[in-house]
Structure formats: C-alpha cells, structure tokens
Amino acid sequence: MREFVLLDGGSRMYKGNLHTHSTRSDGQYEPETVIAAYRNKGYDFLCLSDHEIYFKSEAYDDGNFIMIGGYEMACEMSREETGQQYHLHGLLDRFVEPIGEFEHNEEHAKPDYENLNTIQTLIDDMRARGNLVILNHPEWSKNKPTDLLALQGYTAIEIYNHQSELDEAAGCGIAYWDYLLRHGRRIHAIASDDAHGGAIDAVESEFFGGWVEVQADKLEGQSVVDALRKGRYYSSNGPKILDLRVRDGRLEIECSPVKRIKFLAHPGNGHMVYDPGGEPVSHGSFPLRGGEGYVRVECIGFDGSTAWSNAVFPADLFLP
C-alpha cells in the first residue's frame with residue numbers, strides 16, 4: 001500500500017468561512033462589517049456568498065486575509081409543490097478555462113424549476129462560468145438523496161450549516177454525504193456559517209460556528225480553491241485536525257485533545273478511539289485492508305463539537 005499524506009502537520013493551514021451573507025442580499029450587516037468581523041476573528045479567508053449576486057473583488061485583501069470570489073445560487077421553486085429546494089454555492093475557480101467569468105456585483109437570474117434537469121443545467125452553467133460548485137444545506141432544503149446522487153458536477157456538500165442548525169435544528173447534512181459516498185460518489189464535505197444576522201459577538205451567534213481549514217500552497221484565491229477541489233482540508237465547528245496520513249497500511253490522525261476519535265468505514269465497521277478513564281485523546285489509527293469503499297474520521301470534543309476529515313478511498317492506495 002502506498003503512503004499518502006492528506007494533511008501534513010508541518011505545513012501551514014488557512015482558516016476560512018465559505019458561506020455568509022450581507023446587505024447585498026438578505027444579510028443584516030454591510031459587507032465591510034461582515035468582512036471586518038471575520039478578519040478580526042483571525043480568519044484567513046472569506047467568501048461573501050450573497051444570493052444571486054457575485055462577489056469578486058481584491059479590495060479587502062492583504063498579506064493576512066483574502067476574499068474568495070463567489071455567490072449562492074437558487075432557482076424559483078415552491079417547497080410546497082416540490083417538497084424541497086436547491087441552493088448551490090459557486091466559488092471562483094480558474095482551474096478550467098471558463099466561458100466567461102462573472103463580474104463583481106453581476107446578478108445571475110434564477111431559472112424556473114421544472115424538474116431535476118433544471119438543477120443539473122444550473123450546475124453546468126455555474127461551472128462553465130468558472131465556479132467550483134458546492135451543494136448547500138441539504139437537510140434544511142429537504143433534498144432527496146436519490147436526486148443528489150443523480151446530479152453531477154458538484155464537488156462538495158455542506159455537512160454542517162451553523163445558522164440552519166442554530167435556528168432551525170436543520171443544519172446537519174452528514175447522512176446525505178454518507179449516502180453519496182456509499183453509492184460511489186467522491187464528494188467532499190464543507191462546514192460553514194451561513195450567517196445572516198443577529199449579534200456578531202453573542203455567545204450563541206450565527207457567526208464563527210462552522211469553518212474549513214485548508215492546506216494550500218499560499219494564501220491566494222486560486223491556491224485555496226485548488227486545495228478545496230483536491231480535498232486538502234478539513235471541516236470543523238470546534239476541534240482541530242493537525243495531521244492525517246496513510247502510513248504502514250494504517251490511516252493515522254493527530255488532532256487537538258478530544259473525547260473520541262471515530263473512524264467510519266464502508267462497507268464494514270469502523271473503530272472508536274477513547275480513553276476508558278475519560279482522559280482526552282489526540283491521536284488514533286485504523287488499519288486499511290483495501291476492501292473499504294471509503295474511510296472518514298470525526299474528532300469529537302467533550303462539548304460535542306466535531307472536526308470532520310474528508311473521505312479516504314483505500315482502493316487508490318493499492319494501485320501501482
């Protein structure tokens with residue numbers, strides 16, 4: 001089995017939020033206030049993902065903080081009629097030469113929903129316009145897992161949406177992610193805020209509740225998006241993943257001190273690492289045999305907060 005480094009503890013990680021709103025759409029605060037809040041909180045990057053209006057500006061960038069271009073896109077559809085909605089997230093991605101990038105503040109009109117082909121066409125259009133596509137808050141949207149499996153071209157799914165969880169107990173999308181993974185889809189996971197308003201500095205705030213930490217070559221927009229596309233990051237609402245690698249036939253993880261480290265595998269069962277006396281644990285490993293479709297790791301804090309690795313596909317590691 002080949003050795004493989006997913007996250008290198010000796011390399012720089014960049015913390016960012018990919019999903020939040022301002023007065024450009026339905027947020028409470030002006031863009032400058034939102035951007036300053038994340039910068040002052042120590043975030044390295046932010047995407048201001050307002051509805052149907054693109055953000056693409058380097059005016060707020062400096063050596064310690066950058067803005068990632070993007071937006072949140074929906075289509076006109078009635079939840080009463082369809083039972084679900086779709087919100088898609090676009091991140092500026094120049095990996096593939098686009099037909100024509102969105103300009104800053106350019107609006108993208110919502111298409112009228114007819115059937116699932118409407119959503120597929122929207123994904124295709126967003127990608128053609130130079131975007132990496134993420135499927136947002138599937139639990140809040142009440143998406144059908146079979147529909148998500150049928151859709152192609154999105155890179156990641158939001159498994160934790162802080163605002164949806166905090167305000168409506170509908171922010172956890174892990175079951176959708178596992179459904180896709182178990183059916184052979186190589187989809188990454190995202191945790192985000194989706195903050196719209198409320199007191200920014202409140203103890204229980206819509207802000208600063210879900211994020212990603214990316215191992216990028218440098219703090220630059222395309223470098224961060226490249227790392228997101230490759231899955232070189234983890235998602236969290238609390239703990240840190242410090243190192244993740246395959247070595248000597250085992251998936252090994254180092255993390256901040258937590259209550260449990262959970263290895264989840266399919267098919268077959270996983271493994272839980274914990275201390276019987278209740279002491280914190282910060283490292284664990286899981287033997288890979290090659291028959292697993294995927295393995296992923298959750299690091300669970302004493303307060304229930306979690307860090308989620310992206311999935312590892314052991315079959316790839318047995319290739320010559």
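Mentor: Start with the terms: helices (H or I, at least four residues) and strands (E, at least two) are DSSP runs, numbered from the N terminus. By that count the protein chain has nine helices and 18 strands. The model is predicted, so local features need pLDDT of at least 70 and side-chain atom pairs count only at pLDDT 80 or more, while totals for chains, interfaces and linings use all residues. Residues are numbered from 1 along each chain as its sequence is written, and side-chain values use heavy atoms, with hydrogens and water left out.

Trainee: How do you know that the radius of gyration agrees with a compact globule?

Mentor: The radius is taken over C-alpha atoms, and the globule rule is 2.2 Å times the number of residues to the power 0.38. For 320 residues the rule gives a value near 20 Å; the protein chain has 19 Å, and therefore the two agree.

Trainee: Why is Gly238 called partly exposed?

Mentor: Buried means under 20% relative accessible area, exposed over 50%, and partly exposed in between (1.4 Å probe, protein chains only). Gly238 has 34% relative accessibility, so it counts as partly exposed. Of the 320 residues in the protein chain, 56% are buried.

Trainee: Where is Gly238 found, and what is it in contact with?

Mentor: Gly238 is in the loop between strand S11 (233-236) and strand S12 (241-247). Contact means heavy atoms within 4.5 Å. Leaving aside neighbours within four places in sequence, Gly238 is in contact with Trp211, Ser305 and Thr306.
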